[in-house]
Amino acid sequence: MRASKLINTLLLIVSLLAVVCGVSTFFGMMVAIVVGILLRTDSNWVFIWIGFPLSGIFAVYWIVTRWEYVKSFMSGRGGW
């Protein structure tokens, strides 16, 4: 029974991290697309140097600002 609870907790942690990373990557790429349009370029450097670092910053920002939610989610209490 205890191993099952540990596996469920790990799956919850991975799923929350996947959602946060996915949404952050989406927003980071939207910013990179706007920058690419403003600079009138379709080069990959816009996505590599702007989009991906920005997505990491968004993910860290969300986790830090919502730390109470992350802790309660990881402990299995389901968030707010």
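## Ile-48 and helix α2

In this predicted model, Ile-48 belongs to helix α2, which covers residues 45-65. Ile-48 has a relative accessible area of 48%. Because a residue counts as exposed only over 50%, Ile-48 is classed as partly exposed.

Ala-59 stands 11 residues from Ile-48 along the chain, and the C-alpha atoms of the two residues are separated by 17 Å.

Val-35 is placed in helix α1.

When neighbours within four places in sequence are set aside, Val-35 is in contact with Val-46 and Ile-50.

## The nonpolar core

Six residues form the largest nonpolar core: Leu-16, Val-20, Ala-59, Tyr-69, Val-70 and Phe-73. Helices α1 (2-39) and α3 (67-75) each supply at least two residues of this core. The greatest contribution comes from α3, with three residues.

## Overall architecture

The protein contains three helices and zero strands. Read along the sequence, its pattern is α-α-α. Among contacts between residues at least 6 apart in sequence, 45% join residues at least 24 apart.

The C-alpha atoms fill a box of roughly 55 × 20 × 15 Å along the principal axes. The radius of gyration is 17 Å, whereas a compact globule of 80 residues would have a value near 12 Å.

## Surface and burial

Of the 80 residues of the protein, 20% count as buried. The protein exposes about 6100 Å², and carbon and sulfur atoms supply 73% of this area.

## Confidence of the prediction

The protein has an average pLDDT of 85, and 91% of the residues score at least 70. Confidence is highest in α2, at a mean of 91, and lowest in α3, at 77.

Where pLDDT is low, the predicted coordinates should not be read in detail.

Terms used. Residues numbered from 1 in each chain as written. Predicted model: local features only at pLDDT ≥ 70, side-chain atom pairs only at ≥ 80, totals over all residues. Heavy atoms only, no water. Helix = DSSP H or I, 4+ residues; strand = E, 2+ residues; numbered from the N terminus. Buried < 20%, exposed > 50% of the residue type's maximum accessible area, 1.4 Å probe, protein only. Core = buried A, V, L, I, M, F, W, Y, C linked by side-chain atoms within 4.5 Å. Rg over C-alpha atoms; globule rule 2.2 N^0.38 Å. Contact = heavy atoms within 4.5 Å. Areas by Shrake-Rupley, 256 points an atom, 1.4 Å probe, with all protein chains shown as cover. pLDDT = per-residue confidence, 0-100.
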